[in-house]
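Biologist: Could you show me how to read burial, packing and chain-to-chain contacts in a model like this one?

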There are 4 protein chains.
Amino acid sequence: MMLATDLDDGRVVYLNGQKLAQPSKETMFVKTLAYVNAYYRLQQERPKTHLYTEGDQQYDLVFKTPQTAADLTAKRHVYQDIAIESYGMLGRTPDFIDSGIPVFAAHTEFLGHNQYTDFSANAKAYCDRIKGNDVFVSHALQNPQIDRSKALHEISKGATGVKATKVTSEGIYVSGAKMVNTLAPLSNELLIFNTPTLTTGDDDYALAFWLPINAEGLKVICRKPFDRPDHSEFDYPLSNAFDEIDAYIVFEDVFIPWPQVFVFQDVEKSNRFFIESGLFQHTMLQDQARGSVKLEFVTSLAIELAQRLGVDKYLNVQEMLGNLTANLELVRGALVNAELTGALDNAGVFGPSIQPLLAIRAQLPKMYGDALTTIQKLGAGSMMGVPDGRDFDGELGPVLDEMLSSNLMSAEYRSRLLNLSWDVTGESFGQRQLMYEYYHGGDPVRIRAQHYHDEDLHVGNEMLKRILK
Amino acid sequence: MMLATDLDDGRVVYLNGQKLAQPSKETMFVKTLAYVNAYYRLQQERPKTHLYTEGDQQYDLVFKTPQTAADLTAKRHVYQDIAIESYGMLGRTPDFIDSGIPVFAAHTEFLGHNQYTDFSANAKAYCDRIKGNDVFVSHALQNPQIDRSKALHEISKGATGVKATKVTSEGIYVSGAKMVNTLAPLSNELLIFNTPTLTTGDDDYALAFWLPINAEGLKVICRKPFDRPDHSEFDYPLSNAFDEIDAYIVFEDVFIPWPQVFVFQDVEKSNRFFIESGLFQHTMLQDQARGSVKLEFVTSLAIELAQRLGVDKYLNVQEMLGNLTANLELVRGALVNAELTGALDNAGVFGPSIQPLLAIRAQLPKMYGDALTTIQKLGAGSMMGVPDGRDFDGELGPVLDEMLSSNLMSAEYRSRLLNLSWDVTGESFGQRQLMYEYYHGGDPVRIRAQHYHDEDLHVGNEMLKRILK
Amino acid sequence: MMLATDLDDGRVVYLNGQKLAQPSKETMFVKTLAYVNAYYRLQQERPKTHLYTEGDQQYDLVFKTPQTAADLTAKRHVYQDIAIESYGMLGRTPDFIDSGIPVFAAHTEFLGHNQYTDFSANAKAYCDRIKGNDVFVSHALQNPQIDRSKALHEISKGATGVKATKVTSEGIYVSGAKMVNTLAPLSNELLIFNTPTLTTGDDDYALAFWLPINAEGLKVICRKPFDRPDHSEFDYPLSNAFDEIDAYIVFEDVFIPWPQVFVFQDVEKSNRFFIESGLFQHTMLQDQARGSVKLEFVTSLAIELAQRLGVDKYLNVQEMLGNLTANLELVRGALVNAELTGALDNAGVFGPSIQPLLAIRAQLPKMYGDALTTIQKLGAGSMMGVPDGRDFDGELGPVLDEMLSSNLMSAEYRSRLLNLSWDVTGESFGQRQLMYEYYHGGDPVRIRAQHYHDEDLHVGNEMLKRILK
Amino acid sequence: MMLATDLDDGRVVYLNGQKLAQPSKETMFVKTLAYVNAYYRLQQERPKTHLYTEGDQQYDLVFKTPQTAADLTAKRHVYQDIAIESYGMLGRTPDFIDSGIPVFAAHTEFLGHNQYTDFSANAKAYCDRIKGNDVFVSHALQNPQIDRSKALHEISKGATGVKATKVTSEGIYVSGAKMVNTLAPLSNELLIFNTPTLTTGDDDYALAFWLPINAEGLKVICRKPFDRPDHSEFDYPLSNAFDEIDAYIVFEDVFIPWPQVFVFQDVEKSNRFFIESGLFQHTMLQDQARGSVKLEFVTSLAIELAQRLGVDKYLNVQEMLGNLTANLELVRGALVNAELTGALDNAGVFGPSIQPLLAIRAQLPKMYGDALTTIQKLGAGSMMGVPDGRDFDGELGPVLDEMLSSNLMSAEYRSRLLNLSWDVTGESFGQRQLMYEYYHGGDPVRIRAQHYHDEDLHVGNEMLKRILK
C-alpha cells in the first residue's frame, strides 16, 4: 500500500533562507520525491519480488520477518532494486527504516514501561502502523557537534541534542536540535533516538520517540541545496536530478504524547535502543546492499571513461580499474556471506551476520573514494573543458560537434560522460556522497574499533596458542 | 605601469551558453578581475618590494633579470604577496608568465628564422613589449584530449590542437582548439605553444605565437562557472568571490602575422620552446611559491577547525595536523634550496634549481589532498548542518544564534568556518583547485618520471659503488 | 595413500654452497618435510573429511572431481586444514597442484598430438598416476628475469627459461633454468610449464612436461636458507621451524621422454596450458583458502600483541586492529562467494568463480602487509629488546624473569610473543612471506589489470546507460 | 684526539646467551667498531674539514660551538661524511652525542644543585672531559615498555626504568633497566636520562647521570645479532659488515658518585633535560643529516636495480623512482632551511630551526619505507633466486656465470646487487633499519603532534582571518 506524501501538510520547512509557503512547489523536492517514490512504484511494477502476502494483505517485502538466509537474500534484492533507481545515491529511502520494523516489532520487551505508559506496547503499535500504512519514516539520531571534547550534559552553551524539558501525564515536551537529518522534509514522520554514546548525566537527552513531520514547534532547516538551477540535467546529471536534503531539525517545546515515546530519560535504554531493537542489524543489510550498488555505479563509470578517452590500453590505468573491480567483488562476497552465516535470534528472527556487514561499512568508504580518485585521474583536465550544454544548441553547435568528436565517442556523449564524471567527483553533490559513505554510519574510526572486538578468530587464536606453546 | 583591462574590446566570449554582449557586465568577471589586479595594485601599495628601476623606468620586480640567489628570493616574495591576495587560488595571475619574460628575452637565439621572418627577433620584441606595457598574458599549451592513445596527427577526427592551415608572406592562418586556458577571458593576450610532447608527423601543430584575445576568429568558451549566484559570500566565501575560469579556445582560420610567430611547423623547436625559453624554469618558481601559500592556507584552516570544534585535544587529530605542518615545512625548505643552489645560465641569468621545484610539483598535490581530507574528516557532518546565511537574518536568527553557539565559537563564526571548510573541500571550486594542483603542471606521473632522470645522486652512487665493489 | 619421500634418491641439490651428499641429513629439510607431510598425516587423522572413496580405493579429497558448490567447500576446508598446520606459510604443499589434477584430467583434449606422441593421452596418464600414487609435485613456471625489457627469444645472453635443444623420436632434450621453484628439493617430481606470456618467436621455450626430481642433468640450487642455526625455535619460532626453500633449477641437456611431454614448441598451447588445463582456476581456490588462514594468523597475532602490551585501550590502536579484522571478513566472504557462484564447465566439472578469487589475490597482499605494519607499529622497539632465549636459562634468568614480567604477561611469554612478532615481520622468513603474497601469483599489477576485463558489471552498466541516455 | 676503545676493560656483556670473556674477540664487534672509528679516522684523513683549533688544541669539528648558519652547515657536512662511511646505517656514532656537547656546556644553569652536589658544575665538567678526550658516549633514554597503559610508578611488576634506590653523601645507587641502547657494548660510557614523559609520582625515575660502561653492577645484554656467520659479505653485504647492536641494559645497585649526576629525583628537571640541555636540538641536525645520507643510499640502489633489470623504461617504474628522488629533494631542502633559519639562543649558541628538522623526522620514515617497498617491487622474485656466493666458486661457477649474465650486468654483479637489495629490505638488518627510522626519535605519532603546535603559520592565519572577516 502506498501513501501519497502531502508536502503541504503544515510542515515548517526552511530552504534558501525562506520558510516555504508551499513545499510541494519546490522543483527539487518534487524531483527528489519521484526518486524516493520508486520504492512504492516498484511494488506495482514488480509485485512478485517486491510484495508478499500476510494474512489477507500485501506488504512490501522489506516488512517481512526474515526466517531464513534466503529471506534475507530476497530482501536484499529488493533493497538493491530500489537503490538502482537512484544509482545508490539516496541513502534513506523508505526501505531503510522499514527493513528494521518487523525486527523491532519482535524486540520491544526490553523497553519496559514507566508510571505513565507502556513503552513496549507503544513500540509494537508503532511497528504495526508503519507497516500497515507503509509510512515513509525519516530517522534522526545524530546530535549537533557543538564541542566534541565534552559529554552532552557538560556543554553549557548551544543545542547539543533533543532533551525533555517538561513532563505531564499526557506526554513530554522536548526542545533542542538534531543534525544531518537526511530526507526529513520529504518524509511523513520522524523517528528520534540516539546512538549508543550517552554517558551518565545525559539523562535528559536519553529519549526515543516518533512524531509527525508537521508537529507543532518542529522546524526543518535544509542545508544549502546542491542543484544548479540555471543549468540542465545535461550539464549536471546528478546534482540537478535529486538531492537527498540534509536538514537541521529544531525542536521548540514540541509536545510528544506518551504513546509516541519509547525511551524516556533512561541513559541505559537509550544506549541499548539502536542495537536491541534490531534496527542496527537489519538496516545495516539495507545500507550495505545500497552501498554495493553505488560502488558498482562508479566502477562502471570509471571503466567507461577510460575506454572512451582511449587510455584503457595503459597498464597503469588497467591496474587502477582492476583495483576497483576487485574491491567490488570483495563487497559482494561479504554481502552473501552475511546472509549465509546469519542466525535466528532469540525472537526467531533470522538476522544477518554483523561482522561481514560492518566490514563493508568499515572499508567501503575508502573503496568509494578510490573510485572517485580514479575517475578524477582519468577525466583530469578534460572535465574542465566541457562547454555548457546550451552551447551545443546554438551557433557554436556545429563547430563543437566537429571539434569534440572522436572515433571513440560523439561530442554529445563526451559531454555527458565528462559531466557525469565531474558531477560525481567534483561537485558538492558528489563530495557530499563521499562524505556520506564515510560518516553516515558513525565515526569510521569507531566502526573499525568495534569490528575488532567481535571478530571470530578462533582458528587464528588456536594457531597462535600452538606456536606460543 | 598598469594596463587597464578592457573586457569589451570585441573579444568573443561564451558563458552559460551565451555569447556575451558585454563581458564587463559579468559579475564574476568583475570580481575575479579585482583579484587579478592585485598584481598591479601591490605595485602601488608596496613599491619598495614590488617595483625596480631600470634605465629611467620602473617595472614590476618580476620583470627583473635575476642575477643572484637573492634576486630570486626577492622575486619569490613578490609571487607570494600576490598569491596571498587570492589564498593561492589564482594560479595564472600576470606574474606567472611575466616571471619568465626577462629570461626568454635572453634566450631567443635558438628560435632562428625562416624565409619570412626572424623568430628570434620576434621573441625579443615580444618580451620588450610585454614588459614595457605590463601586459596580462594568458598562455595556452594544453591540447584537447580527444584520443589519448594516439599522437596528434594520427587522430582523424576532432580538434586535437591548433594547426597551421595556410601560409602567406604576411603570416599564417591557424585553426583548431586549446583546452583549459585559465583566466583567458580576462587577459589581454594569449601566448600559444605546446608542451614538449610532439612527435614526428605533428609538424602542422608545431607552432608558437601570440595573439590579442580579441583576434578575429578566436572564440573563448568558458566552462560552467562555479559560483552560486543565488547565495552570498557568507555561504560560499571562495566560490562566490572569484573564479579562475578555464576556457576552451576555438581558432577558426585566425590570421597570425609573422612578427607574432616564434615557432612554425618545427617539431624539434616546438619541443624545445618551453624549456629553452627559460619559461619553464622561471614560471616554476612562481608556481611553487604560489603553491606554498595555498598549502599554508588550508593548513591553517584545518588547525582552526580542529580547535573550534574541540577535537584538537585528541592525539590522532594532532597527528593529522602535524602531518600537514610537516609537509608545509618540507615545501618551504625546497623553495629556499632551489634559490640557494641556483646557477647562472649561459646567458648570465641566475635560475633556480629545477630539482627542488619539480619535487614540490611532484609531491604538493598529495600534500594538498591530505589537507583537504583532514578538513573533511574534521568537519564531517557538521559541514552539512550549516543553515543558509539568510536564516540568521530572519525569524530563525535568534534560535540559531542560541543553538549553534558554543563556548568555542559564535554561531556566526561557526557558519563561516564550516562554510569555508566545505567550499574548499566539497564544492566544485574546491575540487577544481585540487585537480589544478594535480594536473596544471602536466601529468604528475610524468613529472615524477622526469625527476628521477635528473637527480644528483653522486653521493649515493659512490656509496653503492663501494659496497658493490 | 601416502608416499614416503626419499630425499636420497640421487637428486642433485646444492645448499649453502655445497652439493649435498645426503639431503636427508639436512636438519631444515627434515623439519620442513614434516610440515609438508601434514598433508598425508591429516588423511590418517581425519579420514572422514580428508579422504573419499572412488571405485574401491580411497584418495585425498583434493583429488575428487567437484560437481557442486558443496564439493568445493568441502575441498576448501581440507586446504585450510592443511594450511593451518603451517600457519598458512607453506604455499606449495601437495594439495596445491593436486587440487587441479582431477580438472586437468577432464581437460586434456586441447593439447592434441604431434608425429611422436599424443599429448592429450600423456596428460591423462599423468593425472591418473599423480592421483593413484599421491605424488608430491612441485611446479616450476617462472622464468629467470634476465632482462625484463625484452621477450625471451630476444635476449642473447643468459638463461631465460627452459628450451628444447634436440628432438628425437624418443623424446626431447632441454636446457636452461627456472627460478623460485618453491619446495622443489623436497618434492618427488617437477611439473614444468610457462605462464601465458610467451610471444611469437618464443617457440623453443614453449614447452610443458614433467620429470622426476632426480632426473639426470637436473640441478636444484637452493637460495640461502632463512634459519638461524645457532639459535632455538624459542628465539625464531618460524624461521627455525621450517623453510619453504625456493630453488633455482638448472637443466643441462635433460632428456624428457615423449610420454612426459604435454606441450612442445607451441607458443599458443603453452599460453593456453595454465588456464585451459583448469590448473589456474582450481589451484586458485587452494591458494586463496591458504591465504585466508595466513591472514587470520597474523591478525590474531596483532591483537594478542596489542592486548599484552597494554595498548589495546587506545582508539587509534583499536582502529588499526579493526582494519585487519574487516579485511579478513572481506576475504572470507569472497571465498564463500566464489564457491556459491561457481559453475559447471563444459566437461562437467564444477569450478569456482574466478573473479572473487582473483579479487582476493589482488588485494590480500596489501592486507597482509597492513597486518605486518600493524604488528611492527605495536611491537616497535620492544621487539629489539628481547634477550637471547639462553639468557633466561643461565645466571641472568632470575633477573630477566623479574624485570621483564608484567601484570599482562610473564617474561617468557613476552619473549615468545615478541620473537614471533619479529620473526613474522622483520626476519627474512617473514619478509619473504610478504613477498610471496605479492608475487607468487604473478605480477600484482597484471592481476588487477586482468580482473577489470572480466568483471560482471551489467547492473552498473545499465545504470550508466540510463543516466547517459 | 682519538681514544682507543678497550672492549676488554671489564665490561659485562652478554651475547648469544653467553657472558663474553673477551668482548674484543667477537668478530662482529670488531668489524662494527671499525665503522664506528671512521669518526676518528676521518679526523686524520680530512683534518681541514673535520678538525678545528681552539686554544692550542685541535678538536673534532662537531665539538665546535656554532655561532652562524655556516658553522652549522660545516658541522652538517662532517655528520654526513661520517654517515657515508656506513651508508647512513649507524645511527649512534660518536658525533651524535658530541654534536650536543658544546651546547650542553653552555646550558647547564637550569640543573641547579642540591645539598650534596652542584649539578650544573658536574655537567660543565662532563662536557669538558668528553670534548677533551673525545670519548665515545652511548646514551640510553628509552625505558622498557612493560605496560604502556600506565605511568612508570603505577606499574607494580617488572623493570620500567632506572630508579634511585639509595642515597648517600657520596652518591646514589640505581637499579632497573633501559632498553634499545644502541651501540652500548662498543662505547666508553653511557649517558642516562629520560624523554620528557615523566609524570607526577615518577620521582624515583627522574634521574640523569653518566657512568663508564664497565661500572660495577651494570650488565649489557645484546639482542640477537643479525649477521649470518656461515655466510660471506658477498651474500650479506650489510648484515655481515656491521651491526649497530641494540642492548637491554640492567642496573643492579650500581653506584653513581655525585659528580656524575645531573638530575636527581626531580620530575620537572628530568622532563626539561633533553630539550634545555640543547641535546635535542643539535643531535637532531646530526640525525637528519645522517638520515638524508641513508635515504640517498637506498634511492640510488632502487635506480640501479631498475636499470640493471631492464625495467627502467616502464613509466610506472619511472614514477616510483621519481617519487623517491622527489622525497630526497624535500629532505635536502629542509636541512638547508633549518640551518639558514636558525637563530642564536640566549647563550649565544647558533641553533638550527627545529621545525624543518622535526618535519624530516616526521616524514622520512615513510619516505624510507617507500624506497624499501620500491626495491622489493623491482627485485621481487629475483632476490629469491640468487645462489649462495660459494656456488660461484665451485663446480657450478661456469654454468651460473653463463646462465645469470645478461647484457645489462654480469652474473657476479647481479648477485651482489640482488643480495644488497634483499639485505636492505628483507633481512632483519634491513627491517631493523626501517624500524629505527620510525621509532628511534620517539613515537612518530607524537612527533607529528608536537610539530603542529609550534609551526609558524602567521601568513596562513592572516589569510584565514581575512576571509572569515
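Modeller: Let us start with burial: a residue is buried if 20 or more other C-beta atoms, placed from the backbone, lie within 10 Å of its own, exposed if 12 or fewer, and partly exposed in between. This is a predicted model, in which local features need pLDDT of at least 70, side-chain atom pairs count only at pLDDT 80 or more, and totals for chains, interfaces and linings use all residues. Residues are numbered from 1 along each chain as its sequence is written, while chains are lettered from A and ligands numbered from 1 in the order in which they are written.

Biologist: Which residues are buried in helix α16 of chain C?

Modeller: Helices are DSSP runs (H or I, at least four residues), numbered from the N terminus. In α16 (residues 444-454) of chain C, the buried ones are C:Pro444, C:Ile447, C:Arg448, C:Ala449, C:His451 and C:Tyr452.

Biologist: What do the buried residues of α16(C) pack against?

Modeller: Contact is counted when two C-beta atoms, placed from the backbone, lie within 7 Å. The partners are α9 (279-308) and α10 (315-340) of chain A, together with α11 (354-379) and α15 (428-439) of chain C.

Biologist: How many residues of α14(C) are buried?

Modeller: In α14(C), 13 of the 15 residues are buried, so this helix is largely enclosed by the rest of the structure.

Biologist: How are two copies of a chain related?

Modeller: They are related by a rotation about an axis and a shift along it. Here, with superposition by least squares on the C-alpha atoms of residues with pLDDT of at least 70 in both copies, chain B can be laid on chain A with an RMSD of 0.0 Å by a turn of 180° and a shift of 0.0 Å along the axis. The two copies are thus related as by a two-fold rotation axis.

Technical notes. Helix = DSSP H or I, 4+ residues; strand = E, 2+ residues; numbered from the N terminus.
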